[in-house]
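Here are my notes from going through this one, point by point. Have the viewer open while you read.

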Amino acid sequence: MAEQDAAAWSESEVAGLVAKVEALKHSMARVIIGQEGVVDLLVTCLLAGGHALVEGVPGLGKTLLVKSLAQATDMQFRRVQFTPDLMPSDIVGTEILEEDAATRQRSFRFQPGPVFTQVLLADEINRAPPKTQSALLEAMQERCVTFAGHTHMLPRPFFVLATQNPIEQAGTYPLPEAQLDRFLLRIDVVYPTEDEEVMMVSKTTQSGLQDAEPVMDVQSLLRLQQLVRDIAIGEHLLRYATRLVRATRPQETLVAAVKKHVGWGAGPRAGQALVLAAKARALMAGRLAVTRDDIAAMLQPVLAHRVLRNFEAEADGVAMVDILQAIRAEIRVD
């Protein structure tokens with residue numbers, strides 16, 4: 001069925017859409033220095049229709065990254081700074097009492113919160129208490145908000161990028177596994193190279209800073225997200241992706257590193273995320289079919305936040321990347 005769907009797209013339309021993806025990355029590169037891998041993963045997540053969890057120390061340009069993405073795609077952008085006193089109504093909205101000037105009748109009207117946008121940056125999401133964190137759950141999964149018994153649909157597309165600071169844990173509330181699972185990818189932002197940092201300092205201390213140029217409209221983005229779903233993937237690669245996910249579960253895996261160092265493995269949603277991300281990566285490369293390399297490349301960002309290491313792994317200094325590499329080495333494609 002996937003092959004038939006992919007074949008239904010005209011060659012010219014596919015080429016045009018892929019060219020817009022390249023233009024999007026080029027436009028963001030005018031603002032973001034280096035971080036090509038991070039930009040690729042961010043665009044992959046957007047094309048797959050998912051949400052991204054970004055980890056990195058302060059000052060690495062995480063806010064600028066998502067702002068430039070919104071500018072290049074000409075989408076609405078809002079930023080919420082999560083704090084311990086942030087309430088759910090500060091995110092989803094609230095009802096206000098209004099009085100009609102002519103009839104003097106009073107009625108409640110829903111005032112939408114910042115979640116009613118196309119690109120939402122949830123900055124330092126782990127600083128807000130669980131009650132507020134959970135306010136994003138329905139919005140992220142269902143693309144709607146329910147308030148006072150009424151359902152309010154969110155704009156399309158809807159993309160949440162949440163940030164976490166990995167080095168400062170005092171006064172934070174770790175995200176529960178149920179919410180972590182709503183993020184398609186976890187993206188780690190690392191320090192730039194020396195040359196990139198010199199260029200960054202030079203560029204940001206001059207006048208006339210550039211913004212990302214709008215190169216993709218919303219309709220083109222929605223078509224790209226539809227095309228990603230139609231990318232072909234063979235039965236053997238579907239089984240490969242499924243086996244990779246199942247191998248993270250210590251109760252049923254044959255991978256020794258998982259049995260020893262994993263407390264809890266990934267659920268079925270991880271397999272869906274892995275295949276979708278692989279399809280988006282294939283499209284970004286101009287291909288209408290997924291390869292083994294696409295799945296392998298997405299393994300780390302898809303599973304890093306869905307697999308829980310146990311105390312023995314922390315004591316032995318075994319990182320998640322080590323566990324995932326062991327899984328890749330032992331799971332084969334038929």
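1. Start with T248, which sits in the loop between α11 (235–246) and α12 (256–261). Helices here are DSSP runs of H or I with at least four residues, strands are runs of E with at least two, and both are numbered from the N terminus. Keep in mind that this is a predicted model: local features need pLDDT of at least 70, side-chain atom pairs count only at pLDDT 80 or more, and totals for chains, interfaces and linings use all residues. Residues are numbered from 1 along each chain as its sequence is written, and side-chain values use heavy atoms, with hydrogens and water left out.

2. Is T248 buried or exposed? T248 counts as buried because its relative accessibility is 0%; the cut-offs are under 20% relative accessible area for buried, over 50% for exposed and partly exposed in between, with a 1.4 Å probe and protein chains only.

3. What does T248 touch, leaving out residues up to four places away in sequence? The list is V258, V262, W264, G265, A266, L303, V307 and I327, with contact meaning heavy atoms within 4.5 Å. As for A266, its backbone nitrogen lies 3.0 Å from a polar atom of the T248 side chain.

4. Next, the aromatics. Rings of Phe, Tyr and Trp (its six-membered ring) pair if their centres lie within 6.5 Å; planes under 30 degrees apart are stacked, over 60 edge-to-face, the rest tilted. That rule gives two aromatic pairs. F110 and F116 are edge-to-face, because their planes stand at 65°, with ring centres 5.8 Å apart. F110 and F147 make a tilted pair, 5.5 Å centre to centre and 45° between the planes.

5. Ring pairs link F110, F116 and F147 into a cluster. F110 and F116 are both buried, F110 at 14% relative accessibility, whereas F147, at 21%, counts as partly exposed.

6. Now the whole chain. The protein has 16 helices and 11 strands. Its radius of gyration is 21 Å, close to the 20 Å that the globule rule gives for 334 residues, so the protein is as compact as a globular protein of that length. The radius is taken over C-alpha atoms, and the rule is 2.2 Å times the number of residues to the power 0.38.

7. Lastly, burial overall: buried residues make up 48% of the 334.

How values were computed
A polar contact is a pair of N or O atoms within 3.5 Å; within protein, one must be able to donate a hydrogen and the other to accept it, and residues adjacent in sequence count only if both atoms are side-chain atoms.
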